[in-house]
Amino acid sequence: MELEGLEKKAKGSGASQLVVKDLKEEFVKDFIFPCLRAGAIYERKYLLGTSIARPVIAKAMVDVAREVGADAVAHGCTGKGNDQVRFELAFFALNPELKVVAPWREWDITGREDAIEYAKKYDIPVSVTKKSIYSRDRNLWHLSHEGDILEDPGNEPEEGMYMMSVNPVDAPNQPEYLDIGIVKGVPVSINGKELSPASLLAELNTIGGKHGIGRIDMVENRLVGMKSRGVYETPGGTIMWHAARELESLTLDRETMQVKDMFALKYAELVYAGRWFDPLRESMDAFMDKITEKTTGSVRLKLYKGSVTVASRTSPYSLYREDISSFENGQIYNQGDAEGFIRLYGLPTRVRAMLEKGI
């Protein structure tokens, strides 16, 4: 659907040629899955749906520029947004000799209404109007909504705005259970059926959307310094994120999980800031690849009216041992050993209290 009329639009905009590339599998396998495996999430909520799409698009643009012998690339990002930074940092990293054309910064276009007038003047078809002026970005991972009434954080989003998910109130009255198979920290199957990365995500989008999964409304700190309000729909991604994190509860020890969580914050910042091609991000991927070697197994999730809860998780590499975790005494864990541990572990607390009491 989204490809219909693109050639006419491109030619109407002044292009001599339209190049369409199918990047879905590359996008999910080489960009989304590393981000998911890292546990990257920006400012407690955002699964980086727009952020992670920019490097794969920029990479394809640089490839096409090389194929056709172009000396410049262009983007339609505003001068207030994050995407201008993301695209241009990717261009710098992949081909620093390319010139960058940014009409919103260079032409006499100061807002979305100006852009709509420009399109109307040159008979360029655009989906937005002055009555419905939402700024949307859609890819296989998510759909974002910004602008219009959302610019006031005091306004509740309009239900008619959503496109990937039903209102949780209207979702099925019966929960649905899903078994997500994971290998080395990455989802590979649904209910035992193995799918390609893009097919798996598309299937989870359909299932999650039916149950109203993955809606978030947040005020975020943009890279350029201002706050902005956005509403995101990420149904399949939300299901994947819950499954991957739940399996890690079995396969990662405490110290590893804590370090991984710290790295996840930095990883998310790098992706949000457009630094996908930085050596630091690549180095962190090497770390994530190593520590998720044993994050393999299955997670059963319960989807119900906008919520995702875990029903069970299993792994052949689970560090959980029922014979150790049981409240009964066992051969490996002697409860009497806890007394000495507590005395040593609590020694700094005890010494401080003694000092305060003059003992």
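**Exercise 1. Charges over rings**

Task: In this predicted model, find which ring Arg-215 lies over, and which ring Arg-245 lies over.

Solution. 
Step 1. Start with Arg-215, which lies over the face of Tyr-162 at 3.5 Å from the ring centre.
Step 2. Turn to Arg-245, which lies over the face of Trp-241 at 5.4 Å from the ring centre.
Step 3. Check the distances against the cut-off: a charge counts as over a ring only if the charged atom is within 6 Å of the ring centre. The value for Arg-215 is 3.5 Å, and the value for Arg-245 is 5.4 Å.

**Exercise 2. Aromatic pairs**

Task: Classify the pair Tyr-118 and Tyr-122 and the pair Phe-341 and Tyr-345 as stacked, tilted or edge-to-face.

Solution. 
Step 1. A pair of aromatic rings is described by the distance of the centres and the angle of the planes. A search of the whole structure gives 10 aromatic pairs.
Step 2. For Tyr-118 and Tyr-122 the centres are 4.8 Å apart and the planes make an angle of 45°. Planes under 30 degrees apart count as stacked and those over 60 as edge-to-face, so the rest are tilted. The pair Tyr-118 and Tyr-122 is tilted.
Step 3. For Phe-341 and Tyr-345 the centres are 5.5 Å apart and the angle is 15°, and the pair is stacked.
Step 4. Phe-341 and Tyr-345 are separated by about one helical turn because they are four residues apart in helix H12 (residues 337-345).
Step 5. Look also for linked rings: ring pairs join Tyr-42, Tyr-46, Tyr-232 and Tyr-272 into a cluster.

**Exercise 3. Accessibility of the ring residues**

Task: Decide whether Tyr-118, Tyr-122, Phe-341 and Tyr-345 are buried, partly exposed or exposed.

Solution. 
Step 1. The limits are under 20% relative accessible area for buried and over 50% for exposed, with partly exposed in between.
Step 2. Tyr-118 has 34% relative accessibility, so Tyr-118 counts as partly exposed.
Step 3. Tyr-122 has a relative accessible area of 42%, so Tyr-122 is partly exposed.
Step 4. Phe-341 and Tyr-345 are both exposed.

**Exercise 4. Two cavities**

Task: Describe the linings of the largest cavity and the second largest cavity.

Solution. 
Step 1. Rolling a probe the size of a water molecule over the atoms shows where empty space is left. The structure holds two cavities of 30 Å³ or more.
Step 2. The largest cavity has about 70 Å³ of space. Its lining includes Ile-32, Cys-35, Leu-36, Trp-141 and Trp-241. Helix H2 (residues 24-38) gives the largest share of this lining, three residues.
Step 3. Sort the lining of the largest cavity by class: nine residues are nonpolar, none polar and none charged.
Step 4. The second largest cavity has about 40 Å³ of space. Among the residues that line the second largest cavity are Ser-51, Arg-86, Trp-276 and Phe-277. By class, this lining has five nonpolar, two polar and one charged.

Technical notes: Residues are numbered from 1 along each chain as its sequence is written. This is a predicted model: local features need pLDDT of at least 70, side-chain atom pairs count only at pLDDT 80 or more; totals for chains, interfaces and linings use all residues. Side-chain values use heavy atoms; hydrogens and water are left out. On a 1 Å grid over the protein atoms alone, a cavity is a set of points where a 1.4 Å probe fits but cannot get out, and a pocket is an open set with protein on both sides within 12 Å along at least five of seven lines; lining residues have an atom within 4 Å of a point. Grid points are joined across faces, edges and corners, and a volume is the space filled by probe spheres set on the points. Helices (H or I, at least four residues) and strands (E, at least two) are DSSP runs, numbered from the N terminus. Ala, Val, Leu, Ile, Met, Phe, Trp, Tyr, Cys and Pro count as nonpolar, Asp, Glu, Lys and Arg as charged, and the others, Gly among them, as polar. Rings of Phe, Tyr and Trp (its six-membered ring) pair if their centres lie within 6.5 Å; planes under 30 degrees apart count as stacked, over 60 as edge-to-face and the rest as tilted. Buried means under 20% relative accessible area, exposed over 50%, partly exposed in between (1.4 Å probe, protein chains only). A charge sits over a ring if NZ of Lys or CZ of Arg is within 6 Å of the ring centre and within 35 degrees of the ring normal.
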